[in-house]
Amino acid sequence: MSGATPVLVTGMGVAAPTGLDTETFWRASLAGQNAVAEHDGFDVSRYPCRLAGRIRQFDASEHLPGRLLPQTDRMTRLALFAAERALSDAAVDTGALPEYGMGVVTSTACGGFEFTHREFAKLWAKGPHHVSVYESFAWFYAVNTGQISIRHGMRGPCAALVAEQAGGLDAIGQALRSARRGTALVTTGGVDSALDPWGWVSQVSGGRVSTSTEPEEAYLPFDERAHGYVPGEGGAILVLERADAALERGVSRVHGVVSGHASTFDPPRGSGRPRGLRRAIEAALSDAEVGAQEIGVVFADAVGVPQLDQEEAEALRGVFGPEGVPVTAPKVLTGRLSAGGPPVDVVSALLTIRDGLIPATAHTARVPAEYGIDVVRENRAVPVRHALVLARGRHGFNSALVVSAGDVRGRHG
Amino acid sequence: MGVRAPGGCGQKEFWDLLSSGRTATRRISFFDPSPHRSQIAGECAFDPLAEGLSPRQVRRMDRATQFAVVCAREAVDDSGVDLTALEPHRIGVTLGSAVAAATSLEQEYVVLSDTGRNWLVDDSYLSPHMFDYLTPGVMPAEVAWAVGAEGPVTLVSDGCTSGIDAVGHACERIEDGSVDVVLAGATDTPITPIVVACFDAIKATTPRNDDPEHASRPFDRTRNGFVLAEGAAMFVLEEYEHARARGARVYAEITGYATRCNAYHMTGLRSDGREMAAAIEAALRASRTDPGDVDYVNAHGSGTKQNDRHETAAVRRSLGSRADRVPVSSIKSMVGHSLGAIGSLEIAACALALDHGLIPPTANLHEPDPECDLDYVPLVAREQPLRTVLTIGSGFGGFQSAMVLRRPGGVRA
């Protein structure tokens, strides 16, 4: 966006099945460490799908004050944890910044689902008087935004968006627009967890979850063997700041620049009109004022469903030409995290720019030639200045975000 | 605009109810409310087949989605805009909802769990639509399909300010040039045992079960909680020149919007109204409106002890001496509190008030509360020429939102 103050990423916090801090997560991504395993949270053997990407070493009581534990679902605990890490990474003294200049924009696809499952059970087994006093706000989709706002004293524009997987990227896009409109700092991203029995079968009901029992073969996006995805839990929170505000508070280290965003919606199937992903990519590039040839890597949505993979490949071919850009999906190691997935990909994109190293799509081996895309199958050392992150949501949501190399003065190139 | 509200169907009946000061709050009929502390609600008479939805649409859509789609169609008809003549990607959808598909979630839960008996739910009873109740991206998607939108489509879920924030979000997308037309508004159908129990648990809803018709008493000394309700309102929002070029009938111009968070408590409000005042001040600044030019304030006025005090303080703090003279009223006294939807219903009420030069009253206000000392237009509507009105909302999570609407000058054909 020409003439606008650049919007920087000054902090990142990750809560992923492969790591609870950014560097551990990144090392696991580069090492191909797979967090997909049998879901052992309950007896999963009675259901048709068994593999999940779970976070195993998260003890909320180590990270959150005790009073927050009874009132929060697991996904809110993960969000509060990631937000605290991101703000600490950004070295923000929130007390020293204007309270109305700090906003929060997050996405969750499922809300506090395990918490609410327990309350539904109490209501129907025991009666309304047994429902928790916290249910009214532990469940709803705005809970993570509200809790982060309270914990860090952020009183500026706040919002919560839902668009299944795409919502996690739309939230960062909304944070970008909020910063462009004048909000100095926006805490943004997405986190999800719905791995209780009801959440699990509800995810399975979508018909796209892999029935495989082999962790290395269950989620194979862009592979000719693709047959679905593995659900996971977690997400990431980022701190976005206007460059002028970051300069003023003396920020020295910047992870990168959020250059542009766009989202579109698909026409109904059978309409004969083109799908919307290509247009979302082109609009995001235009918003970022970055040419397609300048994009060094694409973090794909990579559902792992043949028709959807083929459509994503077609959009990429259309914009970048055949094999025109490296395409990767390190999310195969964590599973798809609903609204939490795209913000984790944004973290990966920024670390790729930092290290000049594209993480591989670990388990994908045989990409159909007609896809015409260059899927990164071994970590690839290559300088990257601009990266494109894609996310789609069930029923036709398309979201595209461009991040770029930069420092506190803005983008390099 | 398209409206579905308790006490009548459609815009005309909605306005008839508001301008007459009648109330639509009754004992809950959707289920036996006798185990609940609060047994009152504002229910809508709504027959989806008679409203033109197909049996398949009725089967797959949650009640809240049905409301939204019906209102969206009605809004398009009412606007006279020929959407098929526009580029689909220049049309967006922003839908607000606080609890989304809560009704369907509960219906499915009761079956899957065998009325709360089984934590390991029985997936042999799984609905293919369960995924869409788990994560409600499908709600704005259905609206997008109904109107042929292929631009940005999203669900804004900011709890009880969703109805203002969704319209505000849509305005920002028009301002930033992403779209020319947005179907924007909000829907909620929360009259289901789990939601009733949520608010029972924190005593937010009124226990005045012996007098349902007079149970919603904003600003009255005897108020003791809000009345839960359902409803929806959708608008065709158009960029000003776009509307003018086609000679559109214009209800109102949205001239300012702002949202702030209190960063204080997920459900509690400080009595000083500080952050809501900040939202009002920011919305007036965006609108370039002097407090002295505000002709009417459509209050959040939920009828809880703390809200009405908080809000009165916020109006005093932001409008200064104008607060002593400006009429303030709460339509929740008549149609109850439909959570995320009500903010859009209140925008509809403001637009109709501008159109008719009539301020809807605060029903059931017989005994003024000494702590609530504004002109609340008790019992009887007031005829008065209106040029600029302010609508405000407050919600769990700490959200405080404000929007300024102005009577269109010379735009109206």
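Reply: Two strands are said to pair if DSSP finds at least two bridges between them, and helices (H or I, at least four residues) and strands (E, at least two) are DSSP runs numbered from the N terminus. This is a predicted model, in which local features need pLDDT of at least 70, side-chain atom pairs count only at pLDDT 80 or more, and totals for chains, interfaces and linings use all residues. Residues are numbered from 1 along each chain as its sequence is written, and chains are lettered from A and ligands numbered from 1 in the order in which they are written.

Me: What makes strand 15 and strand 16 of chain B a pair, and in which sense do they run, parallel or antiparallel?

Reply: Strand 15 (residues 388-394) of chain B and strand 16 (residues 399-406) of chain B are joined by 7 bridges in the antiparallel sense, where at least two are required, so they pair. B:L390, for example, stands opposite B:V404. The two strands form a hairpin with 4 residues between them, and B:G397 in the turn has a positive phi of about 95°. Strand 15 of chain B also pairs with strand 11 (residues 296-298) of chain B, in the parallel sense over 3 bridges, and there B:Y296 has B:V389 as its bridge partner.

Me: How do you know that strand 15 of chain B is mostly covered?

Reply: A residue is buried if 20 or more other C-beta atoms lie within 10 Å of its own, exposed if 12 or fewer, and partly exposed in between, with C-beta atoms placed from the backbone. By that count 7 of the 7 residues of strand 15 of chain B are buried, and this holds on both faces, with B:T388, B:L390, B:I392 and B:S394 on one side and B:V389, B:T391 and B:G393 on the other. In chain A, 67% of the 413 residues count as buried.

Me: Why are strand 3 and strand 8 of chain B said to stand at the edges?

Reply: The sheet is open, with 3 strands in the order 3-4-8 and mixed pairing. Strand 3 (26-27) and strand 8 (228-229) of chain B each have a single partner strand, so one side of each is left without a neighbour in the sheet. Strand 3 of chain B is joined to strand 4 (residues 40-42) of chain B by 2 antiparallel bridges, and B:R26 has B:A41 as its bridge partner.

Me: Why is chain A called as compact as a globular protein of its length?

Reply: The radius of gyration is taken over C-alpha atoms, and the globule rule is 2.2 Å times the number of residues to the power 0.38. Chain A has a value of 20 Å, close to the 22 Å that the rule gives for 413 residues, so the description applies. The secondary structure of this chain comes to 12 helices and 17 strands.

Me: What makes residues of chain A and chain B count as being in contact, and how many are there on each side?

Reply: Two residues are in contact if their C-beta atoms, placed from the backbone, lie within 7 Å, and 64 residues of chain A are in contact with 67 residues of chain B. Helix 8 of chain A gives the most to the side of chain A that touches chain B, with 6 residues. Strand 5 of chain A and strand 6 (residues 153-156) of chain B are joined by 2 antiparallel bridges, and A:V162 stands opposite B:L155.
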